[in-house]
Each structure stands twice: as C-alpha cells, then as structure tokens.
Amino acid sequence: MEKMARVTTALGGNTLSGRTMFCHLDAPANAISVCRDAAQVVVAGRNIFKIYSIEEEQFVEKLNLRVGRKPSLNFSCADVVWHQMDENLLATAATNGVVVTWNLGKPSRNKQDQLFTEHKRTVNKVCFHPTEVYMLLSGSQDGYMKCFDLRKKDSVSTFSGQSESVRDVQFSIRDYFTFAATFENGNVQLWDIRRPDRYERMFTAHNGPVFCCDWHLEDRGWLATGGRDKMVKVWDMNTTRAKEIYCVQTIASVARVKWRPECKHHIATCSMMVDHNIYVWDVRRPFIPSAMFEEHKDVTTGIVWRHLHDPYFLLSGSKDSTLYQHIFKDASQPIDRANPEGLCYSLYGDLAFAAKESLISSDSNRKPYIGDRRHPIFFKRKLDPTEQFEYISSSSALSVFETDVESGSMDWFVHTAKQYALAGRPLAELCDHNAKVAKGLDRNQVAQTWTMLRIIYSSLGTVSSANLNHSMGKGSAALPLMNSFNLKDIPSGLGSESRLDRSKGESRTENILMDSSSTLINNEDNEETEGSDVPADYLLGDVEADEDDLYMMDHENPHAEEQEYSLPQEAFPLRHEIVDNPSALDHLQDKADSPHVSGNEAETVSLTPVESFSLISISHSLYENRLPSDFFSPIVRDTLLFYAEQGDVQTAVSVLIVLGERIRKEIDEQTQEHWYTSYIDLLQRFQLWNISNEVIKLSTCRAINCLNQASTTLHVNCSNCKRPMSNRGWICDRCRQCASMCAVCHHVVKGLFVWCQGCSHGGHLQHIMKWLETSSHCPAGCGHLCEYT
Amino acid sequence: MFVARSIAADHRDLIHDVSFDFHGRRMATCSSDQSVKVWDKSENGDWHCTASWKTHSGSVWRVTWAHPEFGQVLVSCSFDRTAAVWEEIVGESNDKLRGQSHWVKRTTLVDSRTSVTDVKFAPKHMGLMLATCSADGVVRIYEAPDVMNLSQWSLQHEISCKLSCSCISWNPSSSRAHSPMIAVGSDDNSPNILAKVQIYEYNENTRKYAKAEALMTVTDPVHDIAFAPNLGRSFHILAVATKDVRIFTLKPLRKELTSSGGLTKFEIHIVAQFDNHNSQVWRVSWNITGTVLASSGDDGCVRLWKANYMDNWKCTGILKGNGSPVNGSSQQGIFNASLGSANTSLQNSLNGSSASRYFFPPLDSPRAGSRWSSHAQLLPPPPLIEQSCDADTANLQYPHPRRRCVSRPLNLLPENEGV
C-alpha cells in the first residue's frame with residue numbers, strides 16, 4: 001500500500017485526473033466507499049467485497065476480501081464504510097445483523113478484524129466518527145443504533161429510536177457528539193452520543209421512510225434527507241426547530257444523497273427503484289437537475305464523491321454489477337436541453353410568448369440574477385468559482401402579443417363568414433353581394449373573383465351594369481389610391497371603371513400572353529407598353545364606345561381588332577374585350593405602382609399551365625358570340641385551388657356552394673370534402689355554429705351533409721298529458737290529441753315553439769308575436785296576461 | 001402590429017410551453033416548477049389564471065389542449081417520464097365562486113423509460129388519440145377508445161426512431177387522401193449526420209406507422225416542429241426549428257406512382273431557411289390559416305414569416321417581449337433611427353399603458369397605411385410589397401449583411417430530398 005503514503009487531506013497540488021470509466025463487478029453492488037486518498041474504492045454487496053484502485057484509465061482490482069471456503073452471511077454486506085482517518089480500517093454492515101470491521105494492515109489473507117453480533121436484524125448502515133478513530137456507529141432494521149468502541153468487544157451504548165427501523169445514521173461532521181438517524185416512519189432524530197437514554201430532538205421529515213441523510217460538508221447546520229416520497233429536503237438545524245429550507249422533488253424515491261464537495265448548494269442523489277440515473281441538483285433550483293449521469297442500466301445503489309475536496313469526480317456502484325467513475329464534464333445537463341421558450345399562435349392572431357428572462361432582457365448590464373430576489377442570502381456569498389453550473393435566472397416572462405385589426409387579426413374571416421350569402425338568391429345577386437362583402441373588407445382579389453364569377457355564370461343579359469358599377473364605385477371610394485386611375489378614366493366614366501374591375505379576373509390570361517410567350521405579343525401591345533398615355537386613352541375611348549355592350553358579347557369589336565391582333569384567341573369576343581383594355585390599364589398602373597406588375601406576374605406564373613391549356617382547347621368556339629360557362633370551368637377550378645393553396649379555404653368553399661352544380665363536377669369529391677371539413681373546422685373554432693351548420697346543409701358532399709345528422713335526437717313530450725310521445729308524428733297516443741298546437745292558428749308547431757311560462761300556452765313564434773302586438777291576453781283564451789319578451 | 005400584454009405568470013421556474021385552446025379563449029402554460037396553469041381570457045382581454053396545480057414530479061415540458069368536443073382536456077408531459085391527461089371538472093363548487101376551476105388527473109401514461117419530451121393530440125377526425133415522444137427515441141400513440149372515458153387509454157403503436165426525440169407534430173389534414181402522419185424531430189446532438197426529422201405515415205394495409213421520409217438536410221438538433229394547418233391544401237407545410245428556421249413543403253406524389261407498401265412518397269422542397277435568429281431556434285408556431293409562421297430563438301425575439309405571392313418567405317415582423325429594440329451588435333443604432341418617428345407616434349396612440357412593451361420592425365410603417373390601397377385593383381392582396389421590403393432590407397443589410405429580410409429569391413427548386 002505504498003500509494004497511501006501520499007495521502008493529503010486537502011487536494012493540494014495533486015488534482016485528480018481521469019476519465020469516465022467503468023468496470024464490471026462479478027455481482028451487484030450494495031454500497032461503495034472511497035479511501036480518503038481518493039485512489040481506492042471498496043465495493044460491497046451480497047456476493048462481492050472487493051477493493052479497486054482507481055487508475056488513470058481503468059479500475060484495477062486490488063483485493064478480494066471475501067476469503068474462506070464456506071460462504072458466510074457475514075460477508076453479505078448491506079453497507080460498507082472506509083475510515084477517513086485510518087486507511088486500513090473498514091467496516092461493513094451485514095444483512096444478518098452483524099457489524100464487521102476489517103483491518104487491511106493484517107498480514108493474513110483474511111483481513112477480518114472484529115465481529116459484533118448485537119443487532120437482531122439487518123444492519124442498514126455503519127458510520128465511522130469523522131475524527132475519532134475507534135468510534136463506529138451502526139443502525140439496524142431492528143430499530144436500534146449502537147455505538148462501538150473498536151477497542152472493546154461489545155457496544156458501548158445502545159440508542160433506541162422508539163420508532164421503526166433505522167435506515168441511516170450519520171455523525172455530524174462539525175459537532176463532535178452529534179449524530180443523526182433516519183427512520184422508516186419518516187422521522188429524523190438527533191442524538192448526543194453521550195446520552196443514550198433519549199434523543200435530543202426529533203422531527204418528521206418525510207411521508208414514508210427516510211432512506212438517507214447527509215450532513216453538509218461545510219455548513220454545520222445543514223442536513224439533507226431523502227425519502228420514499230421522492231423528495232430531498234435540506235434542513236437548517238441551527239434553529240430550535242428544524243427548518244426546511246430547500247426541497248427538491250425528484251422522480252423516484254431517493255436512496256442516497258451526497259453533498260457535492262466545494263459546491264455549497266449541490267447535492268447528488270440516486271434512486272432505489274425505477275430510475276437508474278444519478279442526479280446532481282442545485283437545491284436553489286429544485287426542479288431541474290443541473291447534471292445527470294445516465295450510464296447505469298439498473299438501480300444505482302451507492303454514490304460517493306471521489307475526494308472530499310474535488311467536485312468533479314463521482315463514483316457509483318449499481319445493481320447492474322458495474323462500478324463507474326463519472327466525470328462532470330461528461331454529464332448531461334437537462335437544463336441545456338430544456339426549452340427556454342414557449343410560443344403559440346392563437347386563433348385570433350395573438351401570439352403567446354414565454355421566454356427565459358435572461359434571454360429577453362435587452363440590457364446586458366442588468367444583473368441576470370432575477371430569481372435571487374427570493375434568495376437574498378446568496379448575495380452574501382460570492383459565486384463559487386468551482387460551481388460549474390452557475391445559478392442563473394430561472395424564471396420566464398410571459399406575454400401575449402395582441403394583434404390589432406389591421407394586421408394579423410382574423411376578423412376578416414369572421415365578418416366574411418357572417419356576411420356572405422351562399423344560397424337563396426339568384427346567382428348573380430349572390431355574387432354581387434359577396435363581392436361587396438369582400439370589397440368592404442378590403443379583400444379586393446376575392447371581390448374580383450366574385451365579380452368575375454358573376455360575369456361568367458350568370459346569364460349575361462340579365463345583369464345590369466349599373467348594379468355592378470354601384471358596387472365598384474363603392475369599392476373605389478374606399479380606396480383613395482384608385483383615384484390616380486380614376487382621373488385618367490374620367491372621360492370613360494363608369495364603364496371603363498367597371499371594365500377595369502372586370503379585367504382583374506381576366507388579366508391573368510392576358511398577362512400570360514404578355515409575359516410568357518413573347519411571340520404572342522403583338523405590336524400594338526408593345527407600343528402600348530412603351531408609349532405614353534395616348535394609346536391608352538385611345539383604348540379607353542374604345543371602351544367607352546362599348547359601354548352599353550359591356551356584358552354583351554360584342555360582335556364587331558373582336559372582328560375589328562382581329563385585323564390588328566393576330567392572336568388566335570382574339571376570336572373570342574369576350575376574351576377580347578377583357579383582354580384588351582385591361583392591358584392598357586394595367587400598363588398605366590404599372591407606372592403608378594410597380595409592385596402590381598410583379599403581382600400580376602406571380603399570378604400568371606401560378607396559372608400559366610391552365611391558361612395555355614384553355615387557350616388551345618377553346619379554339620373550336622371561335623366564332624360563337626357567347627361562350628358556354630363550362631368553358632371557364634377549368635379556370636374557375638384553378639382559381640378555387642389557388643385560394644385553397646393560399647390558405648383561404650373560405651373563398652373556395654363559398655364559391656363552391658354558390659356555384660353548386662356548375663362547378664362541382666370539376667373538382668374531385670375528395671378535395672371538396674377536404675375543403676368543407678377544413679372550413680367547417682375553422683368556423684367551429686370561431687364558434688360560428690350557425691354558419692358552419694349552414695355550410696353543412698348547403699354542401700353537396702354526402703360525407704359532409706350527414707355531419708349534422710349524426711347523434712341528434714329529438715325527444716317530444718305531449719303538451720296535454722305531459723307524457724313522452726312514443727310514436728312518430730304529432731298526435732299523442734295517450735290523449736289522442738295533437739301535441740304542441742299553436743294557440744293562434746291551431747296547427748301543430750314543428751319549428752320554433754314559444755310559450756308562456758305562466759299559462760303554458762304558446763305557438764308559432766311569428767303568430768304569437770303578431771298576436772301580442774295587438775293583445776296582451778293569452779291567445780288561447782285562458783285569460784292570462786302573457787308577457788313575451 | 002402587435003401590442004404586448006405582459007402577464008405575471010408567477011411560475012417558479014422556466015416556462016417551457018404555452019398553448020392556446022381550440023377557440024383561442026384559454027391558454028395553458030407549463031413550467032419546470034412542475035405545475036400547469038390555465039388562463040382564461042376575460043371580456044376586456046385580460047388573462048386570468050383560473051387554475052394552477054402540480055402536475056408532475058419533474059419539469060413539465062409540454063402542455064396541449066384536446067379538441068373541445070372531448071371536453072376541457074389537457075395533456076402534459078414531463079421529465080418524470082410520464083404524460084398525464086387532465087380534465088376540468090364541471091359543476092358548482094367553492095372553486096367556481098372564487099373564479100377557479102378544478103382539474104383532475106384522468107390518466108397517467110407511464111410507458112416511457114425516459115423523459116417524455118412532447119405530447120400532441122391527433123387531429124379530431126382521428127378520434128381521441130395522442131402521441132408522445134421520449135428522449136430514448138420512442139414515439140407512442142395512445143387512443144381512448146371510449147371518448148367518454150378519459151381514464152382508459154390503450155397503447156396503439158410504438159415507433160422506434162433510433163434518435164432521442166424532442167418534438168412531434170401531427171399532420172392536421174382532414175382529407176381522406178392524406179393518411180395519418182407524424183413528423184418527429186430529434187435533438188440528438190452527437191456529431192452524426194443522421195436526419196433529425198423523420199416522418200412516419202400510417203399504412204392502412206399493415207395497420208402500422210412506417211417511416212415515409214427523412215429530411216436528410218436537417219442534421220442539427222431540432223427543438224420544435226410544426227405542420228401548418230392544412231386548409232384544403234393538397235400539400236403539407238412543415239416548419240422546423242433547428243439552428244435556423246426552415247420551412248418545407250411535402251407534396252404527396254400520386255399513389256399510383258408509388259410502388260409498394262402503399263406508403264406515400266413525397267416531393268420535398270425546402271422553401272425557406274432563415275438564420276436571422278443568429279442562434280438556436282426554439283419554437284415555431286403557425287397561425288390558424290397556415291400562412292404566417294412565428295419563430296422564437298435564443299435571441300429572445302419572435303419573428304414572423306410570411307410567404308408572398310411568389311412563395312417567397314420573408315420576415316414581416318420582429319417582436320420582443322420587453323419593448324426594447326432588437327439587440328445585436330452594431331445594428332441597434334440603425335434600428336432606432338429608422339424606427340424613431342413611427343415609434344413615438346405609436347406610443348402616443350397607445351396611451352402609454354403597455355406601450356413601452358412592444359416592438360415592431362420598420363417594414364411595418366410604410367405598410368400599415370398603404371398596404372391594401374397601394375395595389376388596389378389588379379392585384380392579389382398579399383401584403384408583401386417588394387418595394388417596402390427592399391427599402392427595409394437596405395436598412396438592415398447595411399450594418400449587418402446577415403440579417404437580411406429577404407430570403408434567397410428563388411429557393412423553390414433545389415434540395416429535392418432523396419426520394
């Protein structure tokens with residue numbers, strides 16, 4: 001044992017070195033203890049009792065203390081402790097109740113020294129006095145603690161806890177005469193070694209057994225206890241009543257606690273079931289372990305800091321038959337992986353954001369120790385340089401960023417949903433109405449889509465341009481910037497304005513021609529783009545002439561222009577009208593506001609394939625003066641798809657419903673269903689139940705239609721005999737009378753039924769309301785003065 | 001434009017998650033202090049804590065609301081290796097009178113052997129179902145067969161992901177064309193080049209979840225992942241919080257084309273990638289229409305991302321919790337200068353109450369008034385006008401070229417994941 005020559009009490013110059021390493025034991029370990037020179041470790045268990053030396057790279061077995069032929073229960077160790085004064089002295093607690101001491105200095109192979117067979121049951125713990133060489137303390141399952149003088153054959157004194165089994169005994173490091181004992185009933189007792197008759201003090205520390213305790217290495221008043229209730233508690237014993245100053249909640253019952261050397265607030269724990277990890281906690285931050293060692297595959301049974309003054313090396317033994325040396329820098333740090341921020345988008349566009357205060361505090365000069373307000377005591381002590389894990393702010397700031405109506409808010413959705421008309425009127429009116437709604441909410445693109453749909457699908461003659469102009473005029477009034485165009489358009493008046501609007505939808509087509517295939521662009525177009533306002537004016541003038549024909553197909557115009565424009569698609573009158581003029585206007589707009597161009601481009605890009613397709617496919621209808629609306633179906637379909645892809649399923653579904661059969665065939669059932677379910681889900685999120693029901697009702701999808709037929713049950717009681725109506729229909733079997741008759745019209749009420757709570761007469765809501773306008777008495781003639789409010 | 005309303009959360013440790021309920025009226029927070037708090041929005045918009053209770057014996061990583069059809073139900077997951085389902089008790093009690101509600105634990109899911117890092121309810125159309133993922137790389141899917149009985153959950157699937165999982169996200173699509181799908185992110189930080197985002201899809205034939213895709217380009221630890229709400233889209237959008245913010249689109253290729261097993265193949269594009277946080281990104285969250293993405297990072301800022309009509313994703317807002325401008329080296333001065341006027345005018349309009357606690361980026365100011373009107377007629381309304389954004393980037397680029405507001409203009413095409 002030459003190594004023991006260089007024993008130092010403090011670490012001094014020779015710091016420990018090593019790496020995370022382990023060795024296989026032959027059997028599960030129950031306890032480990034380290035020699036005070038930090039160079040050797042003893043491992044004890046039911047079937048193992050060995051000493052290993054801790055080398056730089058590995059553990060080396062030094063000595064097997066289980067000698068002799070016949071296996072003795074004396075070797076079956078529940079606990080082991082190495083004397084911190086005398087490196088030759090060891091004590092073990094055997095499961096049969098024997099306390100054994102071992103003298104490594106013995107020349108013989110058998111190092112067994114003394115044998116105390118005083119306890120009747122398993123000895124759970126043995127403990128040497130920190131400064132007295134010959135004083136040994138044991139705590140047993142039988143409820144007694146015994147103090148041995150190693151120079152004598154028998155125990156010096158016996159302490160009876162008067163409680164249940166003793167789980168742990170620990171001499172106080174500073175108080176010479178004091179030791180603490182923990183019990184299975186949750187109590188902790190403090191004893192004076194000189195007074196075996198009764199304990200000095202006792203307090204209940206945990207619910208259920210207290211498995212372990214550990215005195216703080218520096219602060220004499222602090223005692224840490226760990227129990228089956230998964231808690232580690234730190235008690236201040238200086239005061240007259242033991243005061244709980246910290247409480248760490250772990251995830252499994254606590255088997256061992258060990259204060260970390262040199263780090264005042266750190267404590268290592270391991271569990272006796274379920275959890276195999278070793279945690280090192282900062283007791284000031286009791287919720288997240290500051291370090292975690294995850295190497296063991298089974299329950300960790302023994303932990304010990306390798307050296308009294310070195311906080312970076314931890315040794316552990318486990319039921320998985322391994323002995324580990326853990327290095328702090330290899331520990332995993334749950335705090336680092338813990339997410340310091342929470343973020344959630346609300347339905348209405350609000351953002352909830354919670355973040356670690358140190359992250360969002362802009363002022364870096366500010367002390368980051370915000371949490372310290374609660375622990376003013378820590379300001380007194382400078383942060384220990386060896387504390388690897390600084391005690392940093394551990395509180396979060398929570399705030400909700402609320403949108404105003406302008407930007408991200410979803411108000412538009414709610415308003416649109418509420419105001420849209422989806423059925424019950426002619427298509428043109430629906431479209432107009434919805435366009436107006438969209439316009440009112442500054443959703444111009446959607447408004448244009450509705451207008452366009454109206455143009456495409458409603459029979460052309462029936463639409464009065466005045467009607468259209470009205471809505472458009474309104475729209476432009478709401479949009480001051482339009483004035484720039486309007487000024488130019490003054491001569492052309494409303495006609496051109498509406499044209500401009502109408503062009504919106506179709507401008508894509510035309511732009512494609514402009515942008516994607518230069519060959520299609522004719523001269524005049526180029527002239528327009530390069531020229532001044534003059535050609536535009538000319539075109540506008542042209543429009544003006546057609547004003548009356550706006551929504552009629554113009555026979556002459558296309559032909560007239562056909563000579564100039566040699567494009568194949570020009571043959572279609574409608575297309576022409578729409579295509580042409582907008583190009584001019586568009587051009588004007590380009591000058592006014594460049595982003596528009598890119599916007600148009602974007603749209604054309606997204607629609608290019610379809611458009612070109614339609615251009616080709618329509619050629620058969622060249623000389624028809626009116627296009628069948630089917631012709632536009634692909635375009636409309638793609639419009640809807642476009643909206644859906646943009647996240648505006650509302651428009652897609654609304655159009656789908658309004659157009660009904662006209663477009664239904666174009667879009668496959670599954671997609672439709674998807675849109676419907678998405679939209680209904682959205683409506684329900686906004687608690688727009690009536691609208692969602694309306695959508696369900698109006699939908700043409702079978703899967704959607706049956707949504708509100710599920711699990712709706714109607715129970716009807718007869719209003720005369722008050723009994724449930726058993727059969728269907730409105731005549732009660734029992735009293736043979738019609739149930740729920742209207743007091744006014746004497747018909748059965750099948751819809752909204754309103755009744756007076758005083759006389760229980762009632763009827764159709766409308767009828768009763770009408771009745772009560774003129775009379776205050778019950779319509780049934782019962783004489784009751786009814787009040788319907 | 002946002003106004004920050006600061007809430008005294010009074011959690012005793014870090015808050016790890018915030019979650020709004022289906023209707024946006026309630027909010028749940030969870031913290032390392034092992035508790036969950038529920039906040040209800042009052043008429044005047046204030047948030048009141050109506051319940052706070054200890055849920056676990058470890059840090060609570062996540063909390064999520066179930067669809068209200070199943071009741072007022074929360075699920076939380078924790079470092080203590082469990083996930084727990086909570087239900088609010090309805091009925092008159094003293095608690096009610098004090099404005100407090102009472103939550104009871106309906107079940108504890110104890111299958112994990114390690115920290116449960118995320119838990120999410122499946123989309124409603126799948127029934128009452130939830131998925132958990134744990135640090136040992138196992139995704140577990142539970143189902144409550146009887147929606148009325150929240151205390152009975154059966155473990156339906158166990159997917160082993162090989163990598164330590166940190167986050168999951170269900171594909172919210174309600175389309176029958178899209179089979180149930182889960183994206184799993186891993187925060188494994190060992191220096192390997194394994195894909196940190198994996199996508200699992202339910203296979204009708206085998207009745208099992210199988211790996212459909214792995215996003216090979218994501219090799220850094222992933223902290224959050226979120227599918228955008230799918231409102232009728234044919235494709236899926238996935239946001240990933242790793243060392244930067246990334247947005248992927250997953251376009252299902254038609255079933256007929258895919259070969260065996262019935263697994264959908266996807267055409268994956270990375271449509272955006274932003275390192276503006278300059279650091280670890282912790283959270284991503286989509287707005288309800290899946291058009292705006294919010295991300296938060298180690299810089300303590302929330303950034304909003306929105307696609308314009310070109311499908312170019314751009315920054316449309318920067319929010320900071322405490323009213324100060326975005327801190328960051330030399331940039332601050334510029335920010336203040338460009339912000340000055342707008343800031344003060346706004347402060348005035350806000351009557352000061354909470355006005356000191358907001359921040360908005362310069363690009364808001366030109367936009368706020370003229371956004372719609374400036375392209376009144378012929379154009380789609382997407383609010384990102386090149387013009388204003390360029391102006392802004394000019395501002396930003398000058399001191400700090402990396403803080404660009406505009407992403408690479410055409411990153412639509414590359415990075416087709418190895419199909």
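**Figure 1. Helix α15(A) passes α17(A) in a left-handed crossing.** In this predicted model, the residues that touch are Val649(A), Gln650(A), Ala652(A), Val653(A), Ser654(A), Leu656(A) and Ile657(A) on the α15(A) side, and Gln672(A), Trp675(A), Tyr676(A), Ser678(A), Tyr679(A) and Leu682(A) on the α17(A) side. Sorted by class, this contact holds 9 nonpolar and 4 polar residues, with no charged ones.

**Figure 2. Here we look at how the axes of α15(A) and α17(A) meet.** Two packed helices are described by the angle and the distance between their axes. For α15 (residues 649-659) and α17 (residues 669-685) of chain A, the axes come within 9 Å and cross at roughly 120 degrees. The two helices are therefore oblique to each other.

**Figure 3. Helix α15 of chain A is largely enclosed by the rest of the structure.** You can see why by going along the helix: 11 of its 11 residues are buried. Among them are Thr651(A), Val655(A), Val658(A) and Leu659(A).

**Figure 4. Now for chain B: His277(B) sits in the loop between β21 (266-274) and β22 (281-286).** With a relative accessible area of 2%, His277(B) counts as buried, because buried means under 20%.

**Figure 5. Let's meet the partners of the His277(B) side chain.** One polar contact, of 2.7 Å, links it to the side chain of Ser295(B). Another, of 3.4 Å, joins the side chains of His277(B) and Arg303(B). Beyond its neighbours within four places in sequence, His277(B) is also in contact with residues including Val245(B), Gly297(B), Asp299(B) and Cys301(B).

Key
Residues are numbered from 1 along each chain as its sequence is written. Chains are lettered from A and ligands numbered from 1 in the order in which they are written. This is a predicted model: local features need pLDDT of at least 70, side-chain atom pairs count only at pLDDT 80 or more; totals for chains, interfaces and linings use all residues. Side-chain values use heavy atoms; hydrogens and water are left out. Helices (H or I, at least four residues) and strands (E, at least two) are DSSP runs, numbered from the N terminus. Buried means under 20% relative accessible area, exposed over 50%, partly exposed in between (1.4 Å probe, protein chains only). A polar contact is a pair of N or O atoms within 3.5 Å; within protein, one must be able to donate a hydrogen and the other to accept it, and residues adjacent in sequence count only if both atoms are side-chain atoms. Contact means heavy atoms within 4.5 Å. Axes are lines fitted to C-alpha atoms, for helices over the stretch in contact, and angles run from 0 to 180 degrees between N-to-C directions. Angles under 35 degrees count as roughly parallel, over 145 as roughly antiparallel, 65 to 115 as roughly perpendicular and the rest as oblique. A crossing is left-handed if the near helix is turned anticlockwise from the far one by less than a right angle, and right-handed if clockwise. Ala, Val, Leu, Ile, Met, Phe, Trp, Tyr, Cys and Pro count as nonpolar, Asp, Glu, Lys and Arg as charged, and the others, Gly among them, as polar.
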